[in-house]
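Reader: I'm new to this structure and would like a close look at a single part of it. Could you take me through chain A, and then show me how the rest relates to that chain?

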Amino acid sequence: MTGHPLTLKVNGQERALSVSATRTLLETLREDLALTGAKRGCNQGVCGACTVLVDGQPVRGCLSLTANCDGAEVTTVEGLADGNVLSTVQQAMADTGAVQCGFCTSGMLISAFAFLRDNSAPTVDDIQHALSGNLCRCSGYRKIVDSILLAAKRVA
Amino acid sequence: MMEPGAEVAFHRPRTVQEALALLSADDGAVCLAGGATLVAMMNADLIAPSGLVSLSGIDVLRTAERLPDGAVRIGAMRHHRQTADETLLEDGQQVVREAARQIANTPVRNMGTIGGSIAFFDPAADYPPALVAADAIVDISGPNGDRAIAAAAFFVDWYETALGAGEMVTGVRLPAAPMGSVGVYHKLARVSGDFATASVALVLAMENHTVSHLAVAVGACAPTPVRRPDIEAEIIGNGLDDAKVDRLADALAERLDPVDDVRASAAYRRLVAPRMVKHALCRAAETLGGRQ
């Protein structure tokens, strides 16, 4: 992974890296920075398990090239909690039993975090729409939607 | 394509001219727009470019503006999410905004761009029929200078556009739509965010129950969006009764050339597309009726 030097601000911390042109942000996070919260599911941008925030907006880690992210602020699921205190949406997922196998959970959390930041009083329909890019293959999504409703209520 | 193991070059030029020079210097280099399609194909080993020319550092490609003639120019690097919220689009131009809103999902709309989408040209994508219905112009820059081409001529065949070697899309222009016109994008998909099984994009204007402007394009049912300007011209100047709606839907159906794929059979598309045309036209006419 030689080649293109760049800096990222990952979960608030400046990181200097040098990457090949084809290295994805997901590979950089997982393999170079040991942040394994974001998952590699389909590697095609479809499943949403790799969703992270780049400059505050949810994007696909697997479709982002690290070389193209020079200077960006990246937030992964590891950056949501404040020390040992879970963020509201993480605590709500734990409380409602919305985590099953856990593979989709970090992507769900990132999408839900960005959604709740922009929508304070969402309906079930709003939530389903917001999470339509995150697939869960364990559940019927019911508890995940419930957890986000709970998080919205706790924030309000 | 490149030798296995060779380093892929990465460039992030600041101007269109620099980008064109980089593309000319390497036959195997491609433009990197939002990455939503290109990186997915690289991940699947379907494409191995020798160089990547990122367009994300070129400011002029990232803006949208209203031009003096009322047209709206959308830069090639505008994300789907920006176009989905674009307040510059008025009247029938909103067909493009409606299409952008139905592309994929939030993370992908944050990445994918209008230029990248149309340059790749998946015939089941949402922009092509919307741009054709909006009479959009595609702006292209290349080694021989700039040119502009109607969207209807830009889309040539399955995954094939009018882009030549070393050329790139710099933006699309949506001409001013008639005042009071409506734009409708009606999409049938297996699940939210999938590519279209079939889609209908239209712009309609009526004055005193008479059609004053009409453009209807069917997507995902032929190599390129299908329109019938001849039948549209017959209807303009008349009322939009059931017979006229049926005539246009039937005429569009004659020109469809759908395929069997994972989303639907060709026969199903032939059945459903004309019904979608009727539904979308009636919905648009009702919207206008409510305004009169």
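Author: Five helices and five strands make up the secondary structure of chain A. Keep in mind that this is a predicted model. If you walk along the sequence of chain A, the order is β-β-α-β-β-β-α-α-α-α.

Now for the overall dimensions. The C-alpha trace of chain A spans about 45 × 30 × 25 Å along its principal axes. Does the radius of gyration of chain A agree or disagree with that of a compact globule? It agrees: a compact globule of 156 residues would come out near 15 Å, and chain A has 15 Å. Of those 156 residues, 49% count as buried. Take the contacts in chain A with a separation of 6 or more, and 58% of them come from residues 24 or more positions apart.

Next, the domains. Where the two domains of chain A touch, 14 residues of domain 1 are in contact with 11 residues of domain 2. On the domain 1 side, strand E3 (51–54) and strand E4 of chain A are the elements that give two or more residues. E3(A) gives the most to that side, with three residues. Sorted by class, the domain 1 side has eight nonpolar residues, five polar ones and one charged one.

Just past the end of H1(A), you'll find A:Ala34 with a positive phi of about 60 degrees. As a bit of background, most residues other than glycine have a negative phi.

Two packed helices are described by the angle between their axes and the distance between the axes. For helix H3 (residues 105–118) and helix H5 (residues 142–155) of chain A, the angle is about 35 degrees and the axes are 11 Å apart. H3(A) and H5(A) cross in a right-handed way. Which residues meet there? From H3(A) come A:Met108, A:Ala112 and A:Leu116, and they meet A:Ile144, A:Ile148, A:Ala151, A:Ala152 and A:Val155 of H5(A). The class count for this contact is eight nonpolar, no polar and no charged residues. An α-helix has 3.6 residues a turn, so residues three or four places apart point the same way. You can look at the H3(A) trio, A:Met108, A:Ala112 and A:Leu116, with that in mind.

Chain A also has a partner. The contact between the chains takes 25 residues from chain A and 24 residues from chain B. On the chain A side, strand E4 (residues 57–60) gives the most, with four residues. By class, that side has eight nonpolar, 16 polar and one charged residues. E4(A) is also one of the elements on the domain 1 side that touches domain 2 of chain A.

Finally, a glance at the partner. Chain B is assigned domain 1 (9–54), domain 2 (60–174) and domain 3 (182–291). The C-alpha centres of domains 2 and 3 of chain B are 20 Å apart. In the contact between them, 26 residues of domain 2 of chain B meet 23 residues of domain 3 of chain B. Helix H4 (94–101), helix H7 (127–133) and strand E8 (155–157) of chain B each give two or more residues to the domain 2 side. The largest share of that side, five residues, comes from H7(B). Its residues divide into 16 nonpolar, five polar and five charged.

Chain B has positive phi values too. B:Ala104, in the loop between H4 and helix H5 (106–109) of chain B, has a phi near 45 degrees. B:Ala104 counts as buried because it has 23 C-beta neighbours inside 10 Å. B:His209 has a positive phi of about 65 degrees, and this residue sits in the loop between strand E12 (198–207) and strand E13 (210–219) of chain B. With 13 C-beta neighbours inside 10 Å, B:His209 counts as partly exposed.

Key:
Residues are numbered from 1 along each chain as its sequence is written. Chains are lettered from A and ligands numbered from 1 in the order in which they are written. This is a predicted model: local features need pLDDT of at least 70, side-chain atom pairs count only at pLDDT 80 or more; totals for chains, interfaces and linings use all residues. Domain bounds come from an automatic or database domain assignment. Two residues are in contact if their C-beta atoms, placed from the backbone, lie within 7 Å. Ala, Val, Leu, Ile, Met, Phe, Trp, Tyr, Cys and Pro count as nonpolar, Asp, Glu, Lys and Arg as charged, and the others, Gly among them, as polar. The radius of gyration is taken over C-alpha atoms; the globule rule is 2.2 Å times the number of residues to the power 0.38. A residue is buried if 20 or more other C-beta atoms lie within 10 Å of its own, exposed if 12 or fewer, and partly exposed in between; C-beta atoms are placed from the backbone. Axes are lines fitted to C-alpha atoms, for helices over the stretch in contact, and angles run from 0 to 180 degrees between N-to-C directions. A crossing is left-handed if the near helix is turned anticlockwise from the far one by less than a right angle, and right-handed if clockwise.
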